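The chain is shown below.

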Amino acid sequence: MASFAKLDNNNVVLKVESVVNEVLKDSNGIEQEQLGTNFLRTLYNEPNAIWKQTSYNTNKGEHSSNGIPFRKNFAGIGYKYDSQRDAFIPIKPYNSWVLNEQTCNWEAPIAYPNDGQRYTWNEETQSWTLQTI
């Protein structure tokens, strides 16, 4: 199955749909993103809809099966497609977080502690707070 994200006019993901791979194959058996886009436009009777293919196996710029990463991240509702980076970027969780250009994911200004404990980000103090049970 291939996955496609429907975008609004600001390139924000509205929904993600699956399409069988056969729909994407041209007469030479090569998958073409445009064929999936055309299929979805026809299916939903939306000839001007914007659809971008996304890979379920891609996260933080890495492919889970050691394949070629595609558009940095699997698209999710609310993610933004950045055409210059050719990437889906998640919603920014906190104002202080910065975009990692390699992974196209947001990172805290302070690294997550590596001590086996569980923490949550505290935007007010700009620090990680130990979670208590």
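Strands E1 and E3 run antiparallel and are joined by 5 bridges. Within this pair, Ala5 has Lys52 of E3 as its bridge partner. The model is a predicted one, and the mean pLDDT of the chain is 95. A pLDDT of 70 or more is reached by 100% of the residues.

E1 also pairs with E2; these two strands run antiparallel as well, with 6 bridges between them. Ala2 stands opposite Val19 of E2. The hairpin formed by E1 and E2 has 5 residues between the strands, and Asn11 in this hairpin has a positive phi near 65 degrees.

| Strand pair | Direction | Bridges |
|---|---|---|
| E1 and E2 | antiparallel | 6 bridges |
| E1 and E3 | antiparallel | 5 bridges |

How many residues of E1 are buried? The count is 6 of 6, so that the strand is mostly covered, where buried means under 20% relative accessible area. In a regular strand, side chains alternate between the two faces of the sheet. In E1, Ala2, Phe4 and Lys6 point one way, while Ser3, Ala5 and Leu7 point the other way. Residues of both sets are buried, Lys6 and Ser3 included.

Helix H1 spans residues 33-43, and its buried residues are Gly36, Thr37 and Leu40. Seen down the axis of H1, these buried residues fall within an arc of 100 degrees, so they line one face of the helix. The cover over the buried residues of H1 includes strand E1 (2-7), strand E2 (13-19) and strand E3 (50-54). After H1 comes Asn45, with a positive phi near 55 degrees.

The largest pocket has a volume of about 250 Å³. Its lining consists of 13 residues, and those that lie nearest its centre are Met1, Gln53, Thr54, Ser55 and Phe70. E1 and E3 are the elements that give two or more residues to this lining.

Where in the chain is confidence lowest, and where is it highest? The lowest mean, 84, belongs to strand E5 (residues 62-63). The highest, 98, belongs to strand E6 (residues 80-82).

Definitions and conventions. Residues are numbered from 1 along each chain as its sequence is written. This is a predicted model: local features need pLDDT of at least 70, side-chain atom pairs count only at pLDDT 80 or more; totals for chains, interfaces and linings use all residues. Side-chain values use heavy atoms; hydrogens and water are left out. pLDDT is the predictor's confidence in each residue, from 0 to 100. Helices (H or I, at least four residues) and strands (E, at least two) are DSSP runs, numbered from the N terminus. Buried means under 20% relative accessible area, exposed over 50%, partly exposed in between (1.4 Å probe, protein chains only). The arc is that of the directions from the helix axis to the C-beta atoms. Contact means heavy atoms within 4.5 Å. Two strands pair if DSSP finds at least two bridges between them. On a 1 Å grid over the protein atoms alone, a cavity is a set of points where a 1.4 Å probe fits but cannot get out, and a pocket is an open set with protein on both sides within 12 Å along at least five of seven lines; lining residues have an atom within 4 Å of a point. Grid points are joined across faces, edges and corners, and a volume is the space filled by probe spheres set on the points.
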